[in-house]
Amino acid sequence: MRRTLLQSLTQRPLTEPAPAPDEAALAELAKSLKRTARAKLGRSLSIRQVDAGSCNGCELEIHALNNAFYDLERFGLHFVASPRHADVLMVTGPLTKNMREALLRTYNATPDPKWVVAVGACAADGGIFAGSYAVVGGVNDVVPVDLHIPGCPPSPTQLLKGLLALLEHGSKRA
Amino acid sequence: MALLDTIPHDEEIKRHRPWPRARVGEDGWVRAIESLAAGECTLLGLWGDAPYVHLALLDERAGDIAVVSYACNKGKYPSVAARHPPASRLERAIADLFGLEALGAPDARTWLDLGFWGVRHPLGKPQPAAKPAPYAFLPVDGEGLHEIPVGPVHAGIIEPGHFRFTANGEYLVRLEQRLGYVHKGIESLMSGATLDAAAKLTARTSGDSTVAYSYAFARAAEAALEVTVPPRAVYLRALMAELERIANHFGDIGAICNDASFSLMHAQTGILRERTLRAAATCFGHRLMMDTIVPGGVANDIAPDGVASVRALLKELRAAFPRLIELYDNTASLQDRTVTTGIVRAHYARQFGAGGYVGRASGRGFDARRDLAYAPYDALTFEVPVLDAGDVNARVWIRIREVEQSLSLIEQIVDRLPGGAARATIAPKGVISEGLGIAEAFRGDVLVWLRLDGNGNVRRCHMRDASWFQWPLLETAVEGNIVADFPLCNKSFNCSYSGHDL
């Protein structure tokens, strides 16, 4: 163990420079956040991830945000275990009918002000699962979405760009 | 003697490939159930196709498979689970989706239908749903017992499902799972879909096993349509499958250690996983390699710099991984959490036909790559590691050994990669044809059964994840463990929710 730890000290970090915030995401946020006046959330955001029907592909890439290459926490963004601690709900999946109630309860358990980020092609409109007897559709059909991050699944870099747009927008509104 | 010959059956179904399927009467159905209950063969799948129910059986030693089909009488069939418990959840799913009733079933509760669809029996004769009765969890009586309900929304970045624990102080007395939350109705979307659209759905059935699902689906379609896949595609598919396997094993090894608060391992295996996904993206244009395997071959040939990136990856992994194995092996505080925790008994692993590391850590060595010997694995050299301890530690070690085997397989594949085309053309047969495909995913064997119409569109497709036969064993493995060790047990199984819920 000592060798592994020492090597981490002598090696250059693997962490890569941050990508620029996504332009499309900034534009969407500028529009969506006009809907209601919300207090500034600051430069640090707590994220609660909710799988509302995903194939688990999006979760794998969201997990990757925490690895040494992307190191999400350096931006003040981190995942929390309870909606009660969250500023942001990050929702994946075509929203299944079996998860609708659970998502609503999670949303209601998240204190205001809060943002909802819909991740992946399915979360936008149900994707290839739209039209099934078991699927509601997009996340926006049940809770108001502030930002969509597209992709199937979005790569960690795409996810990072979207989240950085969220941070940038938050600080601009100070 | 072939497996099907041991069961009294009517004429075989024409154009079901590569293994036979036959209609059976009550005597054949009961004989099949008896052979499962006696342990002569293993349950590979049980699915509805109104008015039929199909039962797939595996003879592990001979590597032989047979499917028997029973025509339900007024929507009823003799229960398999009555004699062979591993079939229970499959029968409950058939009842929810098709309205077909298993006579004498030990558990008549719903399974995937949680009462929110607005319709009952969506794949059978759909009826408007009445308000469902509250779900009755199994009763647990005793002094000092309390219940801990968890989920469907869990604390981590993981899939949703409900766990109902009964505990006596720190010790777990019972776990009862309730799944179905991510049921997307994939099998109904499949019916009538073109082969391309169905392949896309298959690739999004369980994201961590997208390659394995596409692999099994392609093999089923190719069997039905009698398509020969070019040798280059055969090898490229195996390359993808092994990259997917090691990426998932790296993720799991780290995540299991992380659940014992040993985050150093998580950080280190996270690096190896990321490097693997980046090499996959360089080779095939997608980090998880979604939609890269298609019926007929692979969607795109490997990129010009693909082989070089795989060789560079192998070099890095071989330099870094042994040190992490040593780290795991020499950290006593970590072993204290994993050794003797969450033991799966060998006879359960055998009875349930548990695949992957769950089976192999408990003495069941089945691996579709070796025992069904599909190309190119029939020409490659590898071992299937098997342990007997059945605990979390054994499931970690199986993953470690499998990573080593996969690294060797990847090297053999790139050394021998044949030239030529990477995709054959697919032509519809003009008649109904059926195929069964199996591929070894990182967590066990995935089964895909497919019926295509004359135009090559999907009539019916059923997919069975390895998790169906692993989830119930998690319930047995946690008994007598402390509540705080549940995350370790659960992560060491890493069952699929989406692949199970469909």
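A residue counts as buried if 20 or more other C-beta atoms lie within 10 Å of its own. Asp465(B) has 28 such atoms within 10 Å, so Asp465(B) is buried. This is a predicted model, and every value here is computed from it.

Start with the surroundings of Asp465(B). The residue lies in the loop between β17 and α14 (471-477) of chain B. Leaving out residues up to four places away in sequence, Asp465(B) touches Ser206(B), Val446(B), Ser496(B), Gly499(B) and His500(B). One other pair gives a sense of scale. Asp465(B) and Gly169(B) are 296 residues apart in sequence, and their C-alpha atoms are 35 Å apart in space.

Now step back to the whole of chain B. The chain has 16 helices and 17 strands. Its radius of gyration is 22 Å, close to the 23 Å that the globule rule gives for 502 residues, so chain B is as compact as a globular protein of that length. Along the principal axes, the C-alpha atoms of chain B fill a box of roughly 65 × 65 × 45 Å. Of the 502 residues of the chain, 56% count as buried. The contacts of chain B also span the sequence. Take those between residues at least 6 apart in sequence: 67% of them join residues at least 24 apart.

Strand β15 (residues 433-441) of chain B is joined to β16(B) by 9 bridges, and the two run antiparallel. Ser433(B) stands opposite Leu452(B) in β16(B). The link from β15(B) to β16(B) is a hairpin through 2 residues. From β16(B) the chain goes on to strand β17 (residues 458-464) of chain B, and these two pair in the antiparallel sense over 6 bridges. Here Val448(B) has Met463(B) in β17(B) as its bridge partner. β16(B) and β17(B) also form a hairpin, with 5 residues between them. Gly456(B), in that turn, has a positive phi of about 85 degrees. How many of the 9 residues of strand β16 (residues 444-452) of chain B are buried? The count is 8, so the strand is largely enclosed by the rest of the structure.

A separate sheet of chain B is open and has 3 strands, in the order β10-β11-β12, with antiparallel pairing. Its edge strands are β10 (145-150) and β12 (171-178) of chain B, each pairing on one side only. Neighbouring strands of this sheet are turned by 20 degrees against each other on average, direction ignored. Strand β11 (residues 162-168) of chain B is joined to β12(B) by 7 bridges, again antiparallel. Asn168(B) has Tyr171(B) in β12(B) as its bridge partner.

Helix packing is next. Two packed helices are described by the angle between their axes and the distance between the axes. The axes of helix α6 (residues 231-258) of chain B and helix α15 (residues 486-493) of chain B come within 9 Å and cross at roughly 175 degrees. The crossing angle makes α6(B) roughly antiparallel to α15(B), because angles over 145 degrees count as roughly antiparallel. On the α6(B) side the contact uses Asp252(B), Ala255(B) and Ile256(B). These meet Leu488(B), Lys491(B) and Ser492(B) in α15(B). The residues of this contact divide into 3 nonpolar, 1 polar and 2 charged.

Chain B also touches chain A. The contact takes 42 residues from chain B and 39 residues from chain A. On the side of chain B, the elements that give two or more residues are α3 (186-190), α4 (195-203), α7 (263-284) and α8 (306-329). α7(B) supplies the largest share of that side, 6 residues. The residues of the chain B side divide into 21 nonpolar, 13 polar and 8 charged.

The tour ends in chain A. Here an open sheet of 5 strands has the order β2-β1-β3-β5-β7, with parallel pairing. β2 (77-79) and β7 (147-149) of chain A stand at the edges with a single partner strand each, so one side of each is left without a neighbour in the sheet. The twist averages 30 degrees from one strand to the next. Strands β1 (residues 45-51) and β3 (residues 88-92) of chain A run parallel and are joined by 5 bridges. Val50(A) has Val91(A) in β3(A) as its bridge partner. Helix α3 (residues 57-64) of chain A packs on this sheet, touching β1, β3 and β5 (115-119) of chain A. The direction of this helix makes about 140 degrees with that of β3(A).

Terms used:
Residues are numbered from 1 along each chain as its sequence is written. Chains are lettered from A and ligands numbered from 1 in the order in which they are written. This is a predicted model: local features need pLDDT of at least 70, side-chain atom pairs count only at pLDDT 80 or more; totals for chains, interfaces and linings use all residues. Axes are lines fitted to C-alpha atoms, for helices over the stretch in contact, and angles run from 0 to 180 degrees between N-to-C directions. Helices (H or I, at least four residues) and strands (E, at least two) are DSSP runs, numbered from the N terminus. Angles under 35 degrees count as roughly parallel, over 145 as roughly antiparallel, 65 to 115 as roughly perpendicular and the rest as oblique. Two residues are in contact if their C-beta atoms, placed from the backbone, lie within 7 Å. Ala, Val, Leu, Ile, Met, Phe, Trp, Tyr, Cys and Pro count as nonpolar, Asp, Glu, Lys and Arg as charged, and the others, Gly among them, as polar. The radius of gyration is taken over C-alpha atoms; the globule rule is 2.2 Å times the number of residues to the power 0.38. A residue is buried if 20 or more other C-beta atoms lie within 10 Å of its own, exposed if 12 or fewer, and partly exposed in between; C-beta atoms are placed from the backbone. Two strands pair if DSSP finds at least two bridges between them.
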